[in-house]
Amino acid sequence: QVQLVESGGGLVQPGGSLRLSCAASGFTLEYAIGWFRQAPGKDREGVSCITHSDGSTYYADSVKGRFTISRDNAKNTVYLQMNSLKPEDTAVYYCAAEWRTTAQGLCTIREQSYEYDAWGQGTQVTVSS
């Protein structure tokens with residue numbers, strides 16, 4: 001059974017840092033995995049993704065230079081290190097995976113109703129003073 005479990009959200013002041021974790025289990029095919037976010041009244045946005053096979057990465061322009069995605073293959077876990085957080089980063093962050101695609105292919109899916117092959121439950125990130 002495919003499963004994604006996120007952790008690490010919370011409340012942080014502007015300029016602060018958080019690290020999100022996404023533990024994956026039950027994956028048997030090549031896949032890309034990444035982080036998406038959705039704030040109230042806004043479209044879902046692909047934040048950062050990584051291709052499992054070669055580690056290639058994709059970042060949305062809004063987070064380049066501030067966020068870093070990484071993986072620990074031994075633990076089947078993907079991390080999103082978020083630094084220099086801004087109030088506009090406030091959103092529910094979801095981990096999602098898609099088989100037979102790349103980091104860019106996954107993160108640039110624009111269709112709002114698209115259902116990924118695997119979804120996590122989401123974790124709230126709030127950036128506020």
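R71 stands opposite V78 in β8. The model is predicted: local features require pLDDT of at least 70, side-chain atom pairs count only at pLDDT 80 or more, and totals for chains, interfaces and linings use all residues. Residues are numbered from 1 along each chain as its sequence is written, and side-chain values use heavy atoms, without hydrogens and water.

Strand β7 pairs with β8 (residues 77–82) in the antiparallel sense, over 6 bridges. Pairing requires at least two DSSP bridges between two strands. Strands (E, at least two residues) and helices (H or I, at least four) are DSSP runs, numbered from the N terminus. The two strands belong to an open, antiparallel sheet of 4 strands, ordered β1-β3-β8-β7. β1 (3–7) and β7 (67–72) are the edges; each has a single partner strand, so one side of each lacks a neighbour in the sheet.

The structure holds 2 disulfides, defined as pairs of cysteine sulfur atoms within 2.5 Å. One joins C22 to C95, with an S to S distance of 2.0 Å. C22 lies in β3 (residues 18–25) and C95 in β9 (residues 91–99), so the bond ties together parts 73 residues apart in sequence. The torsion about this S-S bond is about -80 degrees, so the disulfide is left-handed. C22 is buried at 0% relative accessible area. C95 is also buried, at 0%. Buried means under 20% relative accessible area, exposed over 50%, and partly exposed in between (1.4 Å probe, protein chains only).

The other disulfide joins C49 to C107 (S to S 2.1 Å). C49 is in β5 (residues 45–51) and C107 in helix α1 (residues 103–107), 58 residues apart. Both cysteines, C49 and C107, are buried.
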